Amino acid sequence: MSLDLDGLLRSRIVDVPDFPTPGVVFKDISPLLADHVAFAGAVDAIVAHWRGPGHSGRVDKVVGIEARGFIVAAPVAYHVGADFVPVRKPGKLPLATHETSYDLEYGSNVLQVHQEAFTPGDRVLVVDDVLATGGTAAAAMRLVEQAGGVVVGLSVLLELTFLDGRAALPARDVHALVTY
Ligand code: AMP
């Protein structure tokens, strides 16, 4: 039986208007995570993409971006046979970190990664739940490179194409399971 993965994932991603602030339509992936067929299908599709045509190189490490990125990245790492590395908000990682900041509409955000997380030359896949403006993913990729890793690409469950996140990720290999 073939699975309409796109349709299944869309049916499990719910719009929540005006969350967390007025005017934002939050894409809630909780129903997707709560459906083991949808969640497993999403993880398997990400793994298959990076093992598929044009992506024959190995993946040594999978980075998950706090917090929902962790949920998707960890099973991807397990299935790819790669190590998992968390990219976290400030003050969460106990050892020496690299850090980078990026601008938001109002203010800025900081992300950190352990300095010892990568061996120079490690091939690294970055995974998050949503690609919106691309600032978060671009910052995570900068961190990987600061720490000596080589970015293979980015996978997300869903991409908000009207925010043109790919413009913030020039020359990056970007993979989204569902686009809006
Ligand atoms: P950005 O840096 O603008 O690409 O935003 C990506 C990050 O913000 C991801 O880690 C998402 O978890 C979160 N995010 C941004 N926009 C949304 C949205 N509309 N619904 C859910 N999460 C979002």
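Quick word on the model before I go on. It's a predicted model, so local features need pLDDT of at least 70, side-chain atom pairs count only at pLDDT 80 or more, and totals for chains, interfaces and linings use all residues. Residues are numbered from 1 along each chain as its sequence is written, and side-chain values use heavy atoms, with hydrogens and water left out.

Okay, back to His-114. Is it buried or exposed? At 17% relative accessibility, His-114 counts as buried, where buried means under 20% relative accessible area, exposed means over 50%, and partly exposed is in between, with a 1.4 Å probe and protein chains only. Leaving out residues up to four places away in sequence, His-114 touches Leu-93, Pro-94, Leu-95, Ala-96 and Thr-97. Contact, by the way, means heavy atoms within 4.5 Å.

Thr-136 is another one to click on. You'll find Thr-136 in helix H5, residues 135–146, and its relative accessible area is 26%, so we call it partly exposed. Again not counting residues up to four places away in sequence, Thr-136 touches Ile-65, Tyr-102, Leu-111 and Asp-128. Thr-136 and Asp-103 are 33 residues apart in sequence, and their C-alpha atoms are 9.3 Å apart in space.

Now for a pair of helices. Two packed helices are described by the angle between their axes and the distance between the axes. Ours are H3, residues 36–51, and H4, residues 68–80; they pack at an angle of about 55°, and their axes are 9 Å apart. That makes H3 oblique to H4. For the cut-offs: under 35 degrees is roughly parallel, over 145 roughly antiparallel, 65 to 115 roughly perpendicular, and the rest oblique. The axes are lines fitted to C-alpha atoms, for helices over the stretch in contact, and angles run from 0 to 180 degrees between N-to-C directions.

Which residues in H3 and H4 meet? From H3 we have Phe-39, Val-43, Ile-46, Val-47 and Arg-51, and they meet Ile-71, Val-72, Pro-75, Val-76, His-79 and Val-80 in H4. Sorted by class, that contact has nine nonpolar residues, one polar and one charged. Here Ala, Val, Leu, Ile, Met, Phe, Trp, Tyr, Cys and Pro count as nonpolar, Asp, Glu, Lys and Arg as charged, and the others, Gly among them, as polar.

Next up, charges. Side chains of opposite charge can pair when their charged atoms come close. How many salt bridges does a search of the whole structure find? It finds nine, a salt bridge being a side-chain nitrogen of Lys or Arg within 4 Å of a carboxyl oxygen of Asp or Glu. I'll show you some of them.

Take Asp-122 and Lys-61, whose side chains meet in a salt bridge at 2.7 Å, N to O. Asp-122 sits in the loop between strand S6 (108–114) and strand S7 (123–131), and Lys-61 is in strand S3 (residues 61–65), so this pair ties together parts that are 61 residues apart in sequence. Asp-122 is buried, and so is Lys-61.

Then there's Arg-88 with Glu-66: a salt bridge whose closest N and O atoms are 3.0 Å apart. This pair links distant parts of the chain, 22 residues apart, with Arg-88 in the loop between strand S4 (83–87) and strand S5 (97–103), and Glu-66 in the loop between S3 and H4. Arg-88 is partly exposed at 21% relative accessibility, while Glu-66 is buried at 15%.

Glu-66 comes up again in the backbone. The peptide bond from Glu-66 to Ala-67 is cis, with omega near -5°, and Ala-67 is also in the loop between S3 and H4. Another cis peptide bond joins Phe-19 and Pro-20, with omega about 0°; Pro-20 lies in the loop between strand S1 (14–17) and strand S2 (25–28). The S1 to S2 loop also holds Asp-18, a residue other than glycine with a positive phi, near 60°.

Last stop is the loop between strand S8 (150–159) and strand S9 (174–179), where we find Asp-164. Its phi is positive too, near 55°, and Asp-164 is partly exposed at 45% relative accessibility. Ala-171 is in the loop between S8 and S9 as well, and Ala-171 is exposed, with a relative accessible area of 88%.

Notes. Helix = DSSP H or I, 4+ residues; strand = E, 2+ residues; numbered from the N terminus.
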